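Here are some notes to read alongside the structure. Keep the 3D view open and go through the points in order.

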Amino acid sequence: MSTEPRTITLPTADYGDVTVPEPDWCTGHPNHRPDDQRADIHHSGPDISLTWRGHHITDACIVQTPFTETDVPELSSRTPGVSVSVIARTLDPASLYDLAAALDGYADQLRDLADQLDTILTGGGQ
Ligand SMILES: [Zn+2]
């Protein structure tokens with residue numbers, strides 16, 4: 001087994017073939033097109049999806065754009081982050097923990113609503 005860093009070479013419209021280190025977490029570049037710019041090169045890990053009864057709610061995955069020309073951490077960054085589709089933002093670890101805490105709180109609110117609805121439906125709340 002090779003100990004050399006994994007790389008990938010992608011054709012670009014502005015820089016020709018670009019060879020870039022390929023992170024272990026990247027699932028590849030099946031949607032890369034030869035007319036993409038170098039700044040469009042986008043590493044992406046496997047999606048973690050939330051679905052409920054067939055309804056897609058959100059996906060999250062590790063992302064990195066190693067040649068981005070507008071390094072905005074929540075949108076496109078050379079620093080890996082976690083892209084969360086429901087908020088259309090890429091988060092750092094602290095923000096991702098904050099989002100997870102908010103979702104925990106929302107789950108509690110849903111349980112409270114279920115309790116309230118159950119009380120209403122069983123005649124306990126008029
Ligand atoms: Zn990649």
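1. Let's begin with a term. The domain bounds used below come from an automatic or database domain assignment. On that basis the protein chain splits into domain 1 (7-91) and domain 2 (92-126). Bear in mind throughout that this is a predicted model.

2. Now the parts list. Reading from the N terminus, the order is β-β-β-β-β-β-β-α.

3. What about the overall outline? The C-alpha trace of the protein chain spans about 70 × 30 × 30 Å along its principal axes. Its radius of gyration is 21 Å, whereas a compact globule of 126 residues would have one near 14 Å. Of those 126 residues, 8% count as buried. As for contacts with a separation of 6 or more, 20% of them in the protein chain are between residues 24 or more positions apart.

4. Next, look at the helix. Helix α1 covers residues 93-121, which makes 29 residues. From its first C-alpha to its last it reaches 42 Å, close to the 42 Å expected at 1.5 Å a residue. Is α1 buried or in the open? The number of buried residues among its 29 is zero, so α1 lies largely in the open. To count as buried, a residue needs 20 or more other C-beta atoms within 10 Å of its own. After α1 comes G123, which has a positive phi near 85°.

5. How far apart are the C-alpha centres of domain 1 and domain 2? They lie 32 Å apart. The contact takes five residues from domain 1 and four residues from domain 2. On the side of domain 1 that touches domain 2, the largest share comes from strand β6 (residues 81-84), with three residues. Sorted by class, that side of domain 1 has four nonpolar residues, one polar and no charged ones.

6. Strand β5 (residues 55-64) and β6 are antiparallel, with four bridges. In this part of the model, I62 stands opposite V82 in β6. β6 also runs antiparallel to strand β7 (residues 89-91), and three bridges join them. Look for S83 here: its bridge partner in β7 is T90. β6 and β7 form a hairpin, with four residues between them.

7. Most residues other than glycine have a negative phi. A88 is not a glycine, yet its phi is positive, about 50°. You will find A88 in the loop between β6 and β7. A88 counts as exposed, with 9 C-beta neighbours inside 10 Å. The other spot is R53, also not a glycine, with a positive phi of about 50°. R53 sits in the loop between β4 (48-52) and β5. With 4 other C-beta atoms within 10 Å, R53 is exposed; the cut-off for that label is 12 or fewer.

8. Turn to R38, in the loop between β2 (16-21) and β3 (43-44). Which residues is R38 in contact with, leaving aside its neighbours within four places in sequence? They are T12, D14, Y15, V18 and F67. Take T12 as an example: R38 and T12 are 26 residues apart in sequence, but their C-alpha atoms are 5.6 Å apart in space. R38 has 17 other C-beta atoms within 10 Å and is partly exposed.

9. H29 is in the loop between β2 and β3 as well. H29 counts as partly exposed, with 17 C-beta neighbours inside 10 Å. Leaving aside neighbours within four places in sequence, H29 is in contact with I8 and L10.

10. Finish with α1, which has zero buried residues.

Methods
Residues are numbered from 1 along each chain as its sequence is written. This is a predicted model: local features need pLDDT of at least 70, side-chain atom pairs count only at pLDDT 80 or more; totals for chains, interfaces and linings use all residues. Helices (H or I, at least four residues) and strands (E, at least two) are DSSP runs, numbered from the N terminus. The expected span of a helix is 1.5 Å times one less than its number of residues. Two residues are in contact if their C-beta atoms, placed from the backbone, lie within 7 Å. Ala, Val, Leu, Ile, Met, Phe, Trp, Tyr, Cys and Pro count as nonpolar, Asp, Glu, Lys and Arg as charged, and the others, Gly among them, as polar. Two strands pair if DSSP finds at least two bridges between them. The radius of gyration is taken over C-alpha atoms; the globule rule is 2.2 Å times the number of residues to the power 0.38.
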